[in-house]
Amino acid sequence: MGCELGKLAASERGGGRGGGGGDGGGGKDDIPAPPATDPRLPLTAKQKYTMLASWKGINREMEATGVNMFIKLFEEHKELLNLFEKFIALQTREEQASSEELQEHATKVMNTLDEGIRGLDDMDAFFSYLGQVGASHRRINGFQSQYFWKIEGPFLKAVEQTLGDRYTANVENIYKVTIKLIIQTLVDGFEGTGPAAGSAGS
């Protein structure tokens, strides 16, 4: 898992180390060091800033993005409808798009993602919050940890649809790293492993 996140983040980490010759000839001392990020976050400081700035565009369209995400999820994994008693009768895209119950649930899920993404500045809070959310899914009859991963593709497609031209290759890469980290943290919480579980006993 760590290797996969590292590969995605690496394409951005390589830039910005070119020649530093300035007018004053002061060399590297004239170049301010970028602020350090938590080593548990597989994003550079610049990537994190881009992620948080981009997310503001999603934040303004939370319900629409969330509904699109679930519509795409059920298109790709129709069997998951069986986990949602309220949605099981929503067999068409049109029924799902107009369902108040789905809109409400989609907004709730997007608010969870929003809380996680805004927590990138405090990784202890990030792991604790999302770990608890993951653990709460144990109460869902028939839910399995791998189901979390099924939201990855639909999430990225919904974000792309909302952001439009703002969803550049660089932004896409950052969202891929971020959603993988979020999902892995949810899985760890569900399975009782990961940083949140480790810190709970200390």
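1. pLDDT is the predictor's confidence in each residue, from 0 to 100. In this model, confidence is lowest in helix H1 (residues 2-13), with a mean of 49, and highest in helix H7 (residues 152-163), at 98. Helices here (H or I, at least four residues) and strands (E, at least two) are DSSP runs, numbered from the N terminus.

2. The model is predicted: local features need pLDDT of at least 70 and side-chain atom pairs count only at pLDDT 80 or more, while totals for chains, interfaces and linings use all residues. Residues are numbered from 1 along each chain as its sequence is written, and side-chain values use heavy atoms, with hydrogens and water left out.

3. The protein has a mean pLDDT of 84, and 78% of its residues reach 70 or more. Over residues 11-26 the pLDDT is below 50, and this stretch has eleven contacts (heavy atoms within 4.5 Å) beyond near neighbours in sequence. Residues 198-202 also stay under 50, with zero contacts beyond four places in sequence. Where pLDDT is low, the predicted coordinates should not be read in detail.

4. The secondary structure consists of nine helices and zero strands. Of the 202 residues, 42% are buried (under 20% relative accessible area, 1.4 Å probe, protein chains only). Among contacts between residues at least 6 apart in sequence, 74% join residues at least 24 apart.

5. Helix H5 (residues 100-118) packs against helix H6 (residues 123-136) at an angle of about 160 degrees, and their axes are 8 Å apart. Axes are lines fitted to C-alpha atoms, for helices over the stretch in contact, and angles run from 0 to 180 degrees between N-to-C directions. H5 is therefore roughly antiparallel to H6 (angles over 145 degrees). The crossing of H5 past H6 is left-handed, meaning that the near helix is turned anticlockwise from the far one by less than a right angle, with clockwise giving right-handed. Thr112, Glu115 and Gly116 of H5 make the contact with Phe126, Tyr129, Leu130 and Val133 of H6. By class, these are four nonpolar, two polar and one charged residues; Ala, Val, Leu, Ile, Met, Phe, Trp, Tyr, Cys and Pro count as nonpolar, Asp, Glu, Lys and Arg as charged, and the others, Gly among them, as polar.

6. Helix H3 (residues 62-76) and H7 pack at about 140 degrees, with axes 8 Å apart. H3 passes H7 in a right-handed crossing. From H3, Thr65, Asn68, Met69, Lys72, Leu73 and Glu76 meet Pro154, Phe155, Lys157, Ala158, Val159, Gln161 and Thr162 of H7. This contact has six nonpolar, four polar and three charged residues.

Terms used. Parallel < 35°, antiparallel > 145°, perpendicular 65-115°, else oblique. Buried < 20%, exposed > 50% of the residue type's maximum accessible area, 1.4 Å probe, protein only.
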